[in-house]
Amino acid sequence: MQWKEFLEGPWTLDRASDAWNPWEMMTTLGAATESLKDFRILIVDDEESNAEALCKLLHRAGYRDVEFEKDPREASKRFAEFRPDLLVLDLHMPHLDGFGVMDAVRPHRGEGEYFPILVLTGDLDDDIRTRALAEGAKDFLTKPFEASEVLLRIKTLLETRSLHLELQKQNRKLEVRVMDRTRALYDAQTEILFRLALAAEYRDDVTGQHAERVGILSALIAGELGLSEDAIALIRRAAPLHDVGKIGIPDSILMKRSALTPSEFEVVRSHVDIGAKILSGGSFELLRMAEVIARTHHERWDGGGYKGMAGEDIPLVGRIVAVADVYDVITSDRPYKQAMSREKAVARIQQDEGAHFDPAVVASFLSVVESGRLDGIRRVMPATMFSGRHELVTPQQIVAPS
Ligand SMILES: [Fe+2]
(Lines give C-alpha, C1' and ligand atoms only; values in the text may rest on other atoms or scores of the structure.)
Protein backbone atom coordinates (compact mmCIF):
# COMPACT_ATOMS: atom_id res chain seq x y z
CA MET A 1 0.00 0.00 0.00
CA GLN A 2 1.39 3.40 -0.98
CA TRP A 3 1.71 5.80 1.86
CA LYS A 4 -0.64 8.44 0.46
CA GLU A 5 -3.34 5.83 -0.03
CA PHE A 6 -2.59 4.61 3.40
CA LEU A 7 -3.20 8.03 4.84
CA GLU A 8 -6.45 8.45 3.02
CA GLY A 9 -7.46 4.87 3.66
CA PRO A 10 -9.93 3.42 6.11
CA TRP A 11 -8.25 4.39 9.34
CA THR A 12 -11.11 3.28 11.45
CA LEU A 13 -11.14 -0.26 10.19
CA ASP A 14 -12.71 -2.78 12.45
CA ARG A 15 -9.76 -3.65 14.66
CA ALA A 16 -11.31 -6.95 15.57
CA SER A 17 -11.25 -8.06 11.97
CA ASP A 18 -8.89 -10.87 11.03
CA ALA A 19 -8.24 -9.21 7.72
CA TRP A 20 -4.91 -7.47 7.20
CA ASN A 21 -5.26 -4.24 8.90
CA PRO A 22 -3.09 -1.16 8.46
CA TRP A 23 -3.91 -0.03 11.98
CA GLU A 24 -2.47 -3.25 13.31
CA MET A 25 0.61 -2.81 11.19
CA MET A 26 1.06 0.72 12.45
CA THR A 27 0.72 -0.12 16.10
CA THR A 28 2.79 -3.26 16.13
CA LEU A 29 5.56 -2.35 13.75
CA GLY A 30 5.88 1.25 12.70
CA ALA A 31 4.30 3.26 15.47
CA ALA A 32 6.52 5.29 17.74
CA THR A 33 7.28 3.69 21.05
CA GLU A 34 6.75 5.87 24.10
CA SER A 35 10.44 6.74 24.33
CA LEU A 36 10.54 7.92 20.71
CA LYS A 37 7.39 10.03 20.62
CA ASP A 38 9.12 13.24 21.63
CA PHE A 39 11.99 12.92 19.19
CA ARG A 40 11.92 15.82 16.77
CA ILE A 41 11.72 15.09 13.04
CA LEU A 42 12.42 17.67 10.34
CA ILE A 43 11.39 16.99 6.75
CA VAL A 44 13.02 19.04 3.99
CA ASP A 45 11.21 18.52 0.71
CA ASP A 46 10.28 21.07 -1.94
CA GLU A 47 7.10 19.10 -2.77
CA GLU A 48 4.78 20.50 -0.15
CA SER A 49 2.09 17.89 -0.60
CA ASN A 50 4.61 15.10 -0.04
CA ALA A 51 6.01 16.73 3.05
CA GLU A 52 2.55 17.43 4.46
CA ALA A 53 1.43 13.88 3.89
CA LEU A 54 4.58 12.54 5.52
CA CYS A 55 4.02 14.83 8.48
CA LYS A 56 0.49 13.52 8.84
CA LEU A 57 1.66 9.93 8.63
CA LEU A 58 4.26 10.49 11.33
CA HIS A 59 1.78 12.29 13.59
CA ARG A 60 -0.61 9.38 13.24
CA ALA A 61 2.19 6.99 14.09
CA GLY A 62 2.58 8.84 17.37
CA TYR A 63 5.41 11.33 16.73
CA ARG A 64 4.44 14.60 18.38
CA ASP A 65 7.09 16.93 17.04
CA VAL A 66 7.30 16.83 13.26
CA GLU A 67 7.94 19.87 11.07
CA PHE A 68 8.68 20.40 7.43
CA GLU A 69 10.54 22.96 5.36
CA LYS A 70 9.90 23.26 1.65
CA ASP A 71 12.66 25.78 0.86
CA PRO A 72 16.05 24.00 1.09
CA ARG A 73 17.80 27.37 1.49
CA GLU A 74 15.97 27.82 4.80
CA ALA A 75 16.85 24.31 5.99
CA SER A 76 19.99 25.27 7.88
CA LYS A 77 18.24 28.05 9.87
CA ARG A 78 15.27 25.79 10.53
CA PHE A 79 17.57 22.99 11.63
CA ALA A 80 19.42 25.27 14.08
CA GLU A 81 16.13 26.46 15.61
CA PHE A 82 14.30 23.15 15.72
CA ARG A 83 17.29 20.93 16.64
CA PRO A 84 15.82 17.75 15.15
CA ASP A 85 16.75 14.18 16.06
CA LEU A 86 16.16 13.03 12.49
CA LEU A 87 16.34 14.78 9.14
CA VAL A 88 14.21 13.40 6.31
CA LEU A 89 15.72 14.93 3.22
CA ASP A 90 14.71 15.03 -0.40
CA LEU A 91 17.75 14.78 -2.67
CA HIS A 92 16.45 16.56 -5.74
CA MET A 93 15.38 20.11 -4.98
CA PRO A 94 15.78 23.43 -6.79
CA HIS A 95 18.29 26.10 -5.57
CA LEU A 96 20.00 23.71 -3.13
CA ASP A 97 19.95 19.94 -3.44
CA GLY A 98 20.02 17.44 -0.59
CA PHE A 99 23.83 17.35 -0.61
CA GLY A 100 23.91 21.12 -0.19
CA VAL A 101 21.48 20.86 2.73
CA MET A 102 23.64 18.18 4.38
CA ASP A 103 26.63 20.54 4.12
CA ALA A 104 24.64 23.50 5.43
CA VAL A 105 23.32 21.73 8.53
CA ARG A 106 26.62 20.00 9.45
CA PRO A 107 27.90 22.88 11.67
CA HIS A 108 24.68 22.67 13.71
CA ARG A 109 25.11 19.00 14.52
CA GLY A 110 26.69 17.99 17.83
CA GLU A 111 30.30 16.90 17.51
CA GLY A 112 30.72 13.13 17.49
CA GLU A 113 26.99 12.49 17.87
CA TYR A 114 25.03 9.99 15.83
CA PHE A 115 22.66 12.01 13.71
CA PRO A 116 20.38 10.12 11.29
CA ILE A 117 19.59 11.52 7.85
CA LEU A 118 17.03 9.63 5.81
CA VAL A 119 17.39 10.46 2.13
CA LEU A 120 14.32 10.48 -0.12
CA THR A 121 14.78 10.19 -3.82
CA GLY A 122 13.10 8.99 -6.98
CA ASP A 123 16.16 7.35 -8.44
CA LEU A 124 19.17 6.16 -6.56
CA ASP A 125 22.11 4.94 -8.57
CA ASP A 126 25.23 3.60 -6.90
CA ASP A 127 27.24 6.80 -7.24
CA ILE A 128 24.56 8.94 -5.65
CA ARG A 129 24.05 6.38 -2.89
CA THR A 130 27.79 6.29 -2.13
CA ARG A 131 28.05 10.06 -2.14
CA ALA A 132 25.01 10.40 0.11
CA LEU A 133 26.46 7.89 2.58
CA ALA A 134 29.78 9.73 2.56
CA GLU A 135 27.99 13.03 3.29
CA GLY A 136 26.18 11.62 6.29
CA ALA A 137 23.05 9.81 5.06
CA LYS A 138 22.19 6.82 7.23
CA ASP A 139 19.39 5.30 5.13
CA PHE A 140 17.42 5.75 1.89
CA LEU A 141 13.86 5.65 0.72
CA THR A 142 13.04 5.53 -2.95
CA LYS A 143 9.83 7.07 -4.17
CA PRO A 144 7.06 6.01 -4.25
CA PHE A 145 7.19 5.04 -0.59
CA GLU A 146 5.51 2.24 1.24
CA ALA A 147 3.94 3.63 4.40
CA SER A 148 5.13 0.70 6.47
CA GLU A 149 8.68 1.04 5.13
CA VAL A 150 8.75 4.78 5.88
CA LEU A 151 7.67 4.20 9.45
CA LEU A 152 9.91 1.23 10.08
CA ARG A 153 13.03 2.94 8.75
CA ILE A 154 12.31 6.11 10.75
CA LYS A 155 11.68 4.10 13.87
CA THR A 156 14.92 2.15 13.44
CA LEU A 157 16.95 5.31 12.90
CA LEU A 158 15.44 6.98 15.94
CA GLU A 159 16.00 3.89 18.08
CA THR A 160 19.65 3.94 17.08
CA ARG A 161 19.88 7.64 17.93
CA SER A 162 18.19 6.97 21.24
CA LEU A 163 20.77 4.29 22.08
CA HIS A 164 23.62 6.61 21.13
CA LEU A 165 22.23 9.42 23.26
CA GLU A 166 21.84 7.04 26.19
CA LEU A 167 25.42 5.87 25.74
CA GLN A 168 26.64 9.48 25.67
CA LYS A 169 24.69 10.18 28.86
CA GLN A 170 26.23 7.15 30.56
CA ASN A 171 29.70 8.19 29.38
CA ARG A 172 29.23 11.68 30.77
CA LYS A 173 28.09 10.23 34.11
CA LEU A 174 31.12 8.00 34.13
CA GLU A 175 33.40 10.94 33.36
CA VAL A 176 31.91 12.90 36.25
CA ARG A 177 32.44 9.92 38.56
CA VAL A 178 36.04 9.52 37.42
CA MET A 179 36.60 13.25 37.96
CA ASP A 180 35.05 13.02 41.44
CA ARG A 181 37.26 10.06 42.33
CA THR A 182 40.37 11.76 40.93
CA ARG A 183 39.52 14.86 42.91
CA ALA A 184 39.01 12.81 46.08
CA LEU A 185 42.35 11.10 45.55
CA TYR A 186 44.07 14.45 45.04
CA ASP A 187 42.40 15.83 48.17
CA ALA A 188 43.52 12.78 50.13
CA GLN A 189 47.10 13.24 48.95
CA THR A 190 46.95 16.92 49.86
CA GLU A 191 45.58 16.23 53.31
CA ILE A 192 48.14 13.54 54.11
CA LEU A 193 50.99 15.79 52.98
CA PHE A 194 49.53 18.69 54.95
CA ARG A 195 49.58 16.53 58.08
CA LEU A 196 53.11 15.35 57.34
CA ALA A 197 54.18 19.00 57.13
CA LEU A 198 52.43 19.65 60.46
CA ALA A 199 54.33 16.76 62.05
CA ALA A 200 57.60 18.29 60.86
CA GLU A 201 56.68 21.74 62.23
CA TYR A 202 55.30 20.48 65.54
CA ARG A 203 58.34 21.21 67.71
CA ASP A 204 59.15 24.51 66.02
CA ASP A 205 55.80 26.18 65.52
CA VAL A 206 53.00 25.53 67.97
CA THR A 207 50.36 26.94 65.62
CA GLY A 208 51.38 24.87 62.62
CA GLN A 209 50.74 27.95 60.48
CA HIS A 210 54.25 28.55 59.17
CA ALA A 211 54.24 25.68 56.69
CA GLU A 212 50.83 26.70 55.37
CA ARG A 213 51.74 30.37 55.05
CA VAL A 214 54.86 29.43 53.09
CA GLY A 215 52.62 27.37 50.79
CA ILE A 216 50.23 30.27 50.19
CA LEU A 217 52.92 32.94 49.77
CA SER A 218 54.85 30.67 47.37
CA ALA A 219 51.69 30.20 45.31
CA LEU A 220 51.06 33.98 45.21
CA ILE A 221 54.64 34.60 44.04
CA ALA A 222 54.28 31.84 41.44
CA GLY A 223 51.12 33.56 40.20
CA GLU A 224 52.98 36.87 39.80
CA LEU A 225 55.71 35.01 37.90
CA GLY A 226 53.05 33.90 35.41
CA LEU A 227 53.20 30.18 36.14
CA SER A 228 50.32 27.99 35.01
CA GLU A 229 47.30 27.34 37.25
CA ASP A 230 48.38 23.70 37.59
CA ALA A 231 51.91 24.66 38.64
CA ILE A 232 50.54 27.18 41.17
CA ALA A 233 48.23 24.54 42.65
CA LEU A 234 51.15 22.12 42.99
CA ILE A 235 53.43 24.71 44.61
CA ARG A 236 50.64 25.61 47.02
CA ARG A 237 50.50 21.98 48.19
CA ALA A 238 54.19 21.05 47.96
CA ALA A 239 55.84 24.12 49.54
CA PRO A 240 54.53 23.41 53.10
CA LEU A 241 56.75 20.30 53.10
CA HIS A 242 59.96 22.30 52.64
CA ASP A 243 61.15 21.57 56.20
CA VAL A 244 59.85 18.02 56.52
CA GLY A 245 63.46 16.91 57.12
CA LYS A 246 63.43 18.66 60.51
CA ILE A 247 61.81 15.47 61.77
CA GLY A 248 65.35 14.05 61.75
CA ILE A 249 66.97 16.89 63.75
CA PRO A 250 67.37 16.25 67.51
CA ASP A 251 65.40 18.45 69.94
CA SER A 252 68.61 19.52 71.65
CA ILE A 253 69.72 21.25 68.47
CA LEU A 254 66.45 22.27 66.86
CA MET A 255 65.09 23.87 70.02
CA LYS A 256 68.39 25.27 71.34
CA ARG A 257 67.96 28.90 72.39
CA SER A 258 71.60 29.88 72.25
CA ALA A 259 73.80 30.09 69.19
CA LEU A 260 74.57 26.83 67.41
CA THR A 261 78.10 25.49 67.23
CA PRO A 262 79.47 24.86 63.71
CA SER A 263 78.90 21.09 64.10
CA GLU A 264 75.31 21.67 65.33
CA PHE A 265 74.73 23.97 62.41
CA GLU A 266 75.88 21.17 60.10
CA VAL A 267 73.24 18.92 61.68
CA VAL A 268 70.56 21.57 61.04
CA ARG A 269 71.70 21.88 57.43
CA SER A 270 71.15 18.17 56.98
CA HIS A 271 67.37 18.73 57.14
CA VAL A 272 67.37 19.41 53.39
CA ASP A 273 68.87 15.98 52.66
CA ILE A 274 66.65 14.23 55.19
CA GLY A 275 63.57 15.93 53.71
CA ALA A 276 64.56 15.04 50.14
CA LYS A 277 65.17 11.45 51.23
CA ILE A 278 61.78 11.18 52.94
CA LEU A 279 60.07 12.48 49.81
CA SER A 280 62.27 10.76 47.23
CA GLY A 281 60.95 8.40 44.55
CA GLY A 282 57.43 9.84 44.76
CA SER A 283 55.02 8.36 42.28
CA PHE A 284 53.04 11.55 41.78
CA GLU A 285 54.01 15.03 40.68
CA LEU A 286 53.13 16.68 43.96
CA LEU A 287 55.64 14.54 45.88
CA ARG A 288 58.31 14.99 43.23
CA MET A 289 57.94 18.77 43.46
CA ALA A 290 57.99 18.59 47.27
CA GLU A 291 61.26 16.66 47.09
CA VAL A 292 62.85 19.34 44.87
CA ILE A 293 61.66 22.08 47.24
CA ALA A 294 62.93 20.23 50.33
CA ARG A 295 66.35 19.82 48.74
CA THR A 296 66.79 23.33 47.30
CA HIS A 297 64.97 25.86 49.48
CA HIS A 298 68.20 26.88 51.25
CA GLU A 299 70.14 27.54 48.06
CA ARG A 300 71.25 31.09 47.32
CA TRP A 301 71.17 32.87 43.96
CA ASP A 302 74.88 33.79 44.42
CA GLY A 303 75.90 30.19 45.09
CA GLY A 304 76.48 30.62 48.82
CA GLY A 305 73.71 28.26 49.97
CA TYR A 306 73.75 24.78 51.50
CA LYS A 307 74.71 22.92 48.32
CA GLY A 308 76.44 25.70 46.39
CA MET A 309 73.96 25.69 43.52
CA ALA A 310 73.64 29.12 41.87
CA GLY A 311 71.37 31.17 39.61
CA GLU A 312 69.01 29.27 37.37
CA ASP A 313 70.67 25.96 38.25
CA ILE A 314 68.50 26.16 41.36
CA PRO A 315 65.02 24.90 40.40
CA LEU A 316 62.52 27.77 40.23
CA VAL A 317 60.33 26.25 42.94
CA GLY A 318 63.35 26.22 45.28
CA ARG A 319 64.04 29.91 44.52
CA ILE A 320 60.37 30.80 45.16
CA VAL A 321 60.14 28.94 48.46
CA ALA A 322 63.47 30.47 49.59
CA VAL A 323 61.86 33.94 49.56
CA ALA A 324 58.54 32.80 51.06
CA ASP A 325 60.26 30.81 53.83
CA VAL A 326 62.69 33.54 54.87
CA TYR A 327 59.96 36.21 54.85
CA ASP A 328 57.66 34.10 57.01
CA VAL A 329 60.38 33.05 59.47
CA ILE A 330 61.62 36.58 60.08
CA THR A 331 58.10 37.95 60.56
CA SER A 332 57.14 35.23 63.07
CA ASP A 333 57.73 35.09 66.82
CA ARG A 334 59.78 32.17 68.06
CA PRO A 335 60.78 31.31 71.68
CA TYR A 336 64.30 32.51 70.84
CA LYS A 337 63.46 35.63 68.75
CA GLN A 338 60.94 38.35 68.13
CA ALA A 339 59.12 38.90 64.89
CA MET A 340 60.43 41.57 62.53
CA SER A 341 57.93 44.15 61.24
CA ARG A 342 56.52 43.68 57.77
CA GLU A 343 58.29 46.82 56.47
CA LYS A 344 61.69 45.72 57.79
CA ALA A 345 61.23 42.19 56.48
CA VAL A 346 60.29 43.41 53.00
CA ALA A 347 63.32 45.71 53.02
CA ARG A 348 65.50 42.78 54.07
CA ILE A 349 64.24 40.63 51.19
CA GLN A 350 64.86 43.53 48.78
CA GLN A 351 68.40 44.00 50.13
CA ASP A 352 69.17 40.35 49.43
CA GLU A 353 67.96 40.49 45.84
CA GLY A 354 70.66 39.15 43.54
CA ALA A 355 72.64 37.78 46.51
CA HIS A 356 70.40 35.40 48.44
CA PHE A 357 67.38 35.67 46.19
CA ASP A 358 66.54 35.47 42.48
CA PRO A 359 65.76 39.08 41.37
CA ALA A 360 62.75 37.92 39.32
CA VAL A 361 61.29 36.13 42.35
CA VAL A 362 61.88 39.18 44.54
CA ALA A 363 60.13 41.38 41.94
CA SER A 364 57.14 39.03 42.05
CA PHE A 365 57.22 39.01 45.86
CA LEU A 366 57.13 42.83 45.79
CA SER A 367 54.13 42.70 43.46
CA VAL A 368 52.36 40.56 46.06
CA VAL A 369 53.33 43.13 48.73
CA GLU A 370 52.07 46.03 46.62
CA SER A 371 48.78 44.27 45.94
CA GLY A 372 48.16 44.15 49.70
CA ARG A 373 47.69 40.38 49.68
CA LEU A 374 50.72 39.76 51.87
CA ASP A 375 48.73 41.11 54.81
CA GLY A 376 45.76 39.05 53.75
CA ILE A 377 47.53 35.73 54.32
CA ARG A 378 47.48 35.70 58.12
CA ARG A 379 43.87 36.88 58.18
CA VAL A 380 42.52 33.75 56.52
CA MET A 381 44.46 31.25 58.62
CA PRO A 382 42.80 29.37 61.49
CA ALA A 383 44.41 30.15 64.87
CA THR A 384 45.88 26.67 64.95
CA MET A 385 46.24 23.99 62.36
CA PHE A 386 46.38 21.27 65.03
CA SER A 387 42.69 20.75 65.63
CA GLY A 388 40.09 19.41 63.30
CA ARG A 389 39.98 19.37 59.58
CA HIS A 390 40.86 22.49 57.66
CA GLU A 391 39.88 23.35 54.14
CA LEU A 392 42.91 24.14 52.06
CA VAL A 393 43.35 27.91 51.81
CA THR A 394 43.87 28.72 48.15
CA PRO A 395 45.72 31.72 46.70
CA GLN A 396 42.42 32.91 45.20
CA GLN A 397 41.06 33.40 48.73
CA ILE A 398 43.82 35.86 49.60
CA VAL A 399 42.67 39.44 49.13
CA ALA A 400 44.00 42.75 50.33
CA PRO A 401 42.45 43.81 53.66
CA SER A 402 39.90 46.54 53.02
FE1 LIG B 1 64.43 24.77 55.82
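User: What is the radius of gyration of the protein chain, and what would a compact globule of 402 residues have?
Analyst: The protein chain has 36 Å, whereas a compact globule of 402 residues would have a radius of gyration near 21 Å. The radius is taken over C-alpha atoms, and the globule rule is 2.2 Å times the number of residues to the power 0.38. This is a predicted model: local features need pLDDT of at least 70, side-chain atom pairs count only at pLDDT 80 or more, and totals for chains, interfaces and linings use all residues. Residues are numbered from 1 along each chain as its sequence is written.

User: What box do the C-alpha atoms fill?
Analyst: Along the principal axes, the box is roughly 110 × 45 × 45 Å.

User: Which residues touch the most other members of the largest nonpolar core?
Analyst: Ile221 and Val323 do, in a core of 45 residues. Such a core is a set of buried Ala, Val, Leu, Ile, Met, Phe, Trp, Tyr and Cys residues joined through C-beta atoms within 7 Å. A residue is buried if 20 or more other C-beta atoms lie within 10 Å of its own, exposed if 12 or fewer, and partly exposed in between, with C-beta atoms placed from the backbone.

User: Which helix gives the largest share of this core?
Analyst: Helix α8 (residues 209-224) contributes eight residues. Helices (H or I, at least four residues) and strands (E, at least two) are DSSP runs, numbered from the N terminus.

User: Why is α8 called largely enclosed?
Analyst: Because 15 of its 16 residues are buried, α8 is largely enclosed by the rest of the structure.

User: And what follows α8?
Analyst: Gly226 follows, with a positive phi near 85°.
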